Amino acid sequence: METTIARPTDAPFRDDAAAAPAASITVNVVYLARLRDAFGRGAEALAVPAPARARDVLAALRARGGAFADELAPGRAVRVAVNHSMARDDAGLHDGDEVALLPPVTGG
Amino acid sequence: MAVRVQEEDFDAGVEMARLRAADAGVGAVATFVGVVRDLNDDASVSSLTLEHYPGMTEKALEAIVAQARERFDIRDALVVHRVGTLKPTDQIVLVIVTSAHRGDAFDACRFLMDYLKTRAPFWKKEQTPAGARWVEARASDDDAAARW
């Protein structure tokens, strides 16, 4: 079973602790439709190491196993929206962002 | 250009008349209405619940209409999509496009539906004799959108 650890990707080296950037950010993760049913919740706050990208949120959720690992497995068609706009996996996240996980849409 | 997300039913005739009356340059009005059917994937559907993503839905529909404006020579467009619980024969979605001529009106109307079906954050959950299930997205919808 894969163990995924979300690591900062571009964090500069700093030896001045007083000026160090925040070690993590907190985003509000929103689950839509079938994902809400599968996870048993509509939303939750999630802390991830900074700097964080959308895919880091997915990886952190997958690492929980169970329904999260099943529904968010690589290859499953889940899209991500950040602050109400569709985003790519490599989208950068900021503290307080709303990160929504969307199953394939079926409107119309 | 307007988009609305609402639980209430809509009146296509009233909306079409409104768009015509506002603009004497309109020569063509193309209208599509999506309706709830009683059968999907071999199962009887007794009711359908439309969920959406509040805060993003209107934004996504507006972006789709903006794309239609860029691609086609249209004068106005209206998209109304219902949410909540609906039953067979109920109206789900209305798309109206006005233009000087029918070519762009027809094309833009079809484009708006093809893009709405694949990009607008709505999800259907249908009630069947075997219980409730989330409707699966169709590859044919992706194919249709890809053709534009």
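## Contacts and basis

In chain B, residues 24 or more positions apart make up 78% of the contacts with a separation of 6 or more; contact means heavy atoms within 4.5 Å. For chain A, the corresponding share is 57%.

This is a predicted model: local features need pLDDT of at least 70, side-chain atom pairs count only at pLDDT 80 or more, and totals for chains, interfaces and linings use all residues. Residues are numbered from 1 along each chain as its sequence is written, chains are lettered from A and ligands numbered from 1 in the order in which they are written, and side-chain values use heavy atoms, with hydrogens and water left out.

## Chain B overall

Chain B holds 4 helices and 10 strands. Both kinds of element are DSSP runs numbered from the N terminus: helices are H or I with at least four residues, strands are E with at least two. From the N terminus on, the order is β-α-β-β-β-β-α-β-β-β-α-β-β-α. The radius of gyration is 16 Å, close to the 15 Å that the globule rule gives for 148 residues, so chain B is as compact as a globular protein of that length. This radius is taken over C-alpha atoms, and the rule is 2.2 Å times the number of residues to the power 0.38.

The C-alpha trace of chain B spans about 50 × 30 × 30 Å along its principal axes. Of its 148 residues, 48% count as buried. Buried means under 20% relative accessible area, exposed over 50%, and partly exposed in between, with a 1.4 Å probe and protein chains only.

## The mixed sheet of chain B

One open sheet in chain B has 4 strands in the order β1-β6-β8-β2, with mixed pairing. Two strands pair if DSSP finds at least two bridges between them. The edges are β1 (2-6) and β2 (28-35) of chain B; each has a single partner strand, so one side of each is left without a neighbour in the sheet. Neighbouring strands are turned by 5° against each other on average, direction ignored. Axes are lines fitted to C-alpha atoms, for helices over the stretch in contact; angles run from 0 to 180 degrees between N-to-C directions.

β2(B) runs antiparallel to strand β8 (residues 91-99) of chain B, and 8 bridges join them. There, B:Gly34 has B:Val93 as its bridge partner. Helix α2(B) packs on this sheet: it touches β1 and β6 (76-82) of chain B, and its direction makes about 150° with that of β1(B). Helix α3(B) lies across β2, β6 and β8 of chain B and runs at about 145° to β8(B).

## The α2–α3 pair

Two packed helices are described by the angle between their axes and the distance between the axes. For α2 (residues 57-71) and α3 (residues 102-119) of chain B, the axes come within 10 Å and cross at roughly 145°. The α2(B) side of the contact includes B:Ala60, B:Leu61, B:Ile64 and B:Val65, while α3(B) contributes residues including B:Phe111, B:Leu112 and B:Tyr115. The contact has 9 nonpolar, 1 polar and 2 charged residues. Here Ala, Val, Leu, Ile, Met, Phe, Trp, Tyr, Cys and Pro count as nonpolar, Asp, Glu, Lys and Arg as charged, and the others, Gly among them, as polar.

B:Ile64 lies in α2 of chain B. At 4% relative accessibility, B:Ile64 counts as buried. Beyond its neighbours within four places in sequence, B:Ile64 is in contact with B:Phe111, B:Leu112, B:Tyr115, B:Leu116, B:Arg119 and B:Ala120. B:Asp143 is 79 residues away from B:Ile64 along the chain; their C-alpha atoms are separated by 17 Å.

## The antiparallel sheet of chain B

Another open sheet of 4 strands runs in the order β7-β5-β9-β10 (chain B), with antiparallel pairing.

Strand β5 (residues 47-52) of chain B and β7(B) run antiparallel and are joined by 3 bridges. B:Thr49 stands opposite B:Thr85 in β7(B).

## Chain A

Chain A has 3 helices and 7 strands. Along the sequence they follow the pattern β-α-β-β-α-α-β-β-β-β. Of its 108 residues, 37% count as buried.

Strand β4 (residues 79-82) of chain A runs antiparallel to strand β7 (residues 98-102) of chain A, with 4 bridges between them. In that pair, A:Ala81 stands opposite A:Ala100. β4(A) also runs antiparallel to strand β5 (residues 85-87) of chain A, joined by 3 bridges. There, A:Val80 faces A:Ala87 as its opposite residue. β4(A) and β5(A) form a hairpin with 2 residues between them, and A:Asn83 in the turn has a positive phi of about 50°.
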